Amino acid sequence: MYFSQVKIFLSIVFFCFTLILIGQETSFKSFSVREGLAQSQVFSITQDNQGYLWMATQGGGLCKFDGKEFFTITISEGLLSNTVNALSSSGDTIFAGSNNGLSILSSKRNSVIRSIPLSEPVRILKKIQKQLYVVTDQHIYTFVGDSLQRITEEIDLKNFIPEDLFLMDTRLILSTNKGMVSISDLSDKILPEKIETKHITKVVSYQGKLLMGSYGKGILVFNKSGNGYDLVKDTLEMFQDLIITEIFVDRRINLWIGTQRKGVYRYDANDKKWEHFGENEGLSNDHVKCIFEDNWNQIWIGTSGGGVNQYSGSQFLHYTENSGLNGDYIYSVLKSKVGELWVATSGGGVMRINDTMNYVYNGKTGFHDVKVKALFESKNQLIWIGTEGKGMSVYFRRSESKDLKREIFVQSFDTILNFDSGKLFPSTLWVNCFAEDKNGEIYISTLGDGLIKAKVMLDTFPRIFFNKLKVRGRGEISQRINHMFFNSKGDLILATNDKGIGILSKGELTYLNIENSTVPNKITSIEEGANGELWFASEKGLGCIIEDSVVFYRKISGLSSNNIYQIQSDHLGYVWVGTEKGVDRLKLLPSKDLEVKHFGAEEGFTGIETSLNASFLDSENNLWFGTVNGLSVYQPKKIEKTNAPPVVFFNSIKLFYDTLFSETSDLEYHQNSLSFSFGSVFLPAPDKVKYQWKLKGFDSEWSEPSDNSSITYSNLRPGSYVFYVRAGVGEDWSEPIQFSFAIKKPYWEESWFLIMVWGGGLVVLIGVVLLFVNRSRKRGRELRDKLEMEKSLIELEQKALRLQMNPHFIFNSLNTIQHLIIEKDEKSAKYYLSKFAKLMRQILENSRERLISISDEIKTLENYLIIEKFSRQDFEYEIVVEEGVDLDEDILPPMMIQPFVENAIIHGLKGLKERKGKIKISFISGDGYIQFEVEDNGQGRENAEKQKSQIANYHRSTALSVTQERLDNMNKGQNFKSFEIVDLKDELGNPMGTKIIIRVQH
């Protein structure tokens, strides 16, 4: 029973380095002080909910890593100590156990938010059943709320060195330098006394077993037995005497063992094989301190002195001289049906590699020390080897025979036949390609002898017959065939160096000539695609013949390079193209465009530059690529695609230039410019992350994938919005994160305001209509009033004309002239008769005009005053025109001033004895008007009343009232008086005359 248990376990976990006797080079990416890590000793690693890695260093504090850059937090930022021993995370909260206690940090803020100082170093931080345990050199605590609580007061760890804490069944167990103990009772020893070591470093449950790492005694294996565990004595031999520092089980159930001086061992649960990763395999340091798996199934290995190593589980395995090959430059590769790997390298000859041996066929072993350019396996499992300068060889596996005559051949089961003399093989001895038809006949391309056809008769010893191939038709076989194969139709397709693409069908050779297309003469590689399309490499780049047309693809089409060295199709319909920059996997789309995925150093293809036609698809669908820096193999069945796309998050959301610290949902109408800054963490390939965003309510579709990590929306209209952003690599996109906000309408777009405006507008409209109606009515009234006023004005003017000239004046003037005639004063009579006639003519002429000039008025007044002075009495008169008065402007109604002058002469100057009468007429320019003044030095209005003059006529005579009305109509709407009467007096108050003031709008 005991033996069967051991056998069962050893069938699961057993040391078997089945690495085809050459060690693969593992693609580790190392990060240490040179890359920005604060210190080269990494004792613990954890990951927060944004995807950042946190690394605990011994003296450099904490390092936060996004795959490209490190951000360091030390005691300067509030950390209790720069020597950090253990890490744990919960969401965006990081717990850091250091030599001076426990520090709690916020990942988003990159700062310490709480510190719990302790007098003893924190050694272990472990979350068990959602409870965080804190183990120091002296005590065990639980983290509850914001504080630490000792779980048992009696427990004192002064005599123990704590190593690991785990749950065994229902008991919490602490592994120490003195064995494993239950933390509820230190006397409860879990390990039996008979084991050779009690210093247990790590404990892990794996496939029904309990694996315990020890200090110097390797791995201890325990089986479940009743209520306890029994030690399996047959421990794993490879770990004997090793110091185990870490035991880790990843999500694929692979087992990782970290050691102090031997690097890392990995057990593949699927292949049931062990792999070793040390400094020779690319690990930065063999002293491993911790192992961690991130969200993308990558393994991170912290070391003591070598920083941290990233292992992605590369899709490619790589082999070089360091792995056991006899050269790094790979000329040809073949994986036979029996699983043997054949590799031709720059070391000369050819290597045959299987699970039990590596064998080199060269000059020392019966072959040649030359470059092997072609490796091919025929249906009868013969291996055909083409060389440069030494012809060709055939490897075959001999069968055992009891025929004593052939005993010499039974001594070795593996034999190589060389055809290098030219006797059996008519060639220039340069062979670079093989192909086999459906009948099992082998076609051999040579340099100088065209195509050679070989027929094989296989017995105990193969017999091969060679013939130079002759073809029908006009085409001649090219002397330089670079590559060839039989297509799905059974035709032999040739890639030549001087004649383009040849097709040998049923013995007839033709060269491809496509209408309206040019196929270059030099074709270096050729391959058939999944749908029968023909791919070829030329100086024009990659060509593809599709439905009798040629399409060329270059870097502009998405290829990584225009230099095509290899073309290889796979079982999934992809075409792989090798260049000097790695390999491109191509998928031909219905549009004849290419979907390209590049594999270079970052993707694990470390050989980079490929070799000419050195590629092979084996029976397990693995792709082998020969490069100038070794041999790479792509194993699609081992590829486990991670389901974790990049983690995306907001860095900041800004309103104009101010950061929004809270999720403000309602913004004012003028707060309409928002900037979104976002980021992501994708540790497998941080430089390949793209972003897409969409603002619901503004954008109808996702944006094109972009490297930009920020976007600004300006002048947004009022409304509700949701901003989405997601991150992706290739076709894998994260779930979008979002930010919702709303921009309020301005008050003039609110319903209440619109109702008010429309209501007010309606009221205004009604008011405008009423106003229009009233105004129309008013205009009608004003029009009627105007017509009436004009009618009245005409009547007034007619009255004025009738009243302007006093009949007594005319009668007296004519009597005076008659008296002169009687007195025979003919000269005077003629003079005054002429003046009288001019006055009458002026009055009649001016009566036709609505307005006359001041000049015309002055002429009329002068004629009137001359006659009045002659016919009535002797008086003086003066006419004064102020500077600035325009004499030619038509501004005065006709005979406006004459009645006032006449009134002054008749009434004002009447009865003067002490002084001679004087009339002064003035024309003065005012502010917006012309002022006319008629001033006399007569007896004044008071004396005239005493003499019972017709004072009423002076004030309210018909001529005066008519003049007043005319002036008021003319000056309507002005703010000055149209008419004034001023009584003039001396210093003692005695009357000295009267002044009449008339103002007319200018």
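These are my notebook entries on what I looked up in this predicted model.

**Ground rules.** I number residues from 1 along each chain as its sequence is written, and I leave out hydrogens and water, taking side-chain values from heavy atoms. Local features need pLDDT of at least 70 and side-chain atom pairs count only at pLDDT 80 or more, while totals for chains, interfaces and linings use all residues.

**Entry: cysteines.** I searched the whole structure for disulfides, meaning pairs of cysteine sulfur atoms within 2.5 Å. The search finds zero. I then looked up two cysteines for cover. I call a residue buried under 20% relative accessible area, exposed over 50%, and partly exposed in between (1.4 Å probe, protein chains only). Cys63 is buried at 0%. Cys290 is buried too, at 5%.

**Entry: salt bridges.** Side chains of opposite charge can pair when their charged atoms come close. I counted a salt bridge when a side-chain nitrogen of Lys or Arg lies within 4 Å of a carboxyl oxygen of Asp or Glu. The whole structure holds 16 of them.

I looked at Arg251 and Glu293, whose side chains meet at 3.4 Å, N to O. Arg251 sits in the loop between strand 22 and strand 23 (255-259), and Glu293 in strand 26 (residues 288-293), so the pair ties together parts 42 residues apart in sequence. I took helices (H or I, at least four residues) and strands (E, at least two) as DSSP runs, numbered from the N terminus. Arg251 is partly exposed at 48%, whereas Glu293 is buried at 7%.

Next came Arg999 and Glu980, with their closest N and O atoms 2.6 Å apart. Arg999 belongs to strand 72 (residues 991-1001) and Glu980 to strand 71 (residues 979-985), so this bridge links parts 19 residues apart in sequence. Arg999 is buried at 11%. Glu980 is partly exposed at 22%. I also noted a network: salt bridges with shared partners join Arg266, Asp268 and Glu275. Within it, Arg266 and Asp268 meet at 3.7 Å, N to O. Arg266 is buried at 10%, and Asp268 at 11%.

Entry: I built patches from residues with over 30% relative accessible area and no salt bridge, joining like charges within 9 Å and nonpolar side chains (Val, Leu, Ile, Met, Phe, Trp, Tyr) within 5 Å. One patch is positive and includes Arg775, Lys778 and Arg781. Arg781 lies in helix 3 (residues 751-804) and is partly exposed at 43%. A nonpolar patch has about 660 Å² of accessible area together, with Leu762, Ile766, Val769 and Phe772 among its members. Areas come from the Shrake-Rupley method with a 1.4 Å probe. Val769 is also in helix 3, partly exposed at 45%.

**Entry: positive phi.** Most residues other than glycine have a negative phi. I noted Gln129, with a positive phi of about 50°. Gln129 is in the loop between strand 10 (122-128) and strand 11 (131-136), exposed at 68%. Asp241 has a positive phi as well, near 70°. Its loop runs between strand 21 (228-232) and strand 22 (244-249). Asp241 is exposed at 55%.

**Entry: covered parts.** Helix 7 (residues 898-908) is mostly covered, with nine of its eleven residues buried. Phe900, Val901 and Ile905 are among them. Ser611, in strand 54 (residues 610-617), is buried at 2%. Its C-alpha atom is 6.1 Å from that of Val628, 17 residues apart along the chain.

Definitions and conventions. Lys, Arg positive; Asp, Glu negative; His and termini not counted. Charge placed at Lys NZ, Arg CZ, Asp CG, Glu CD.
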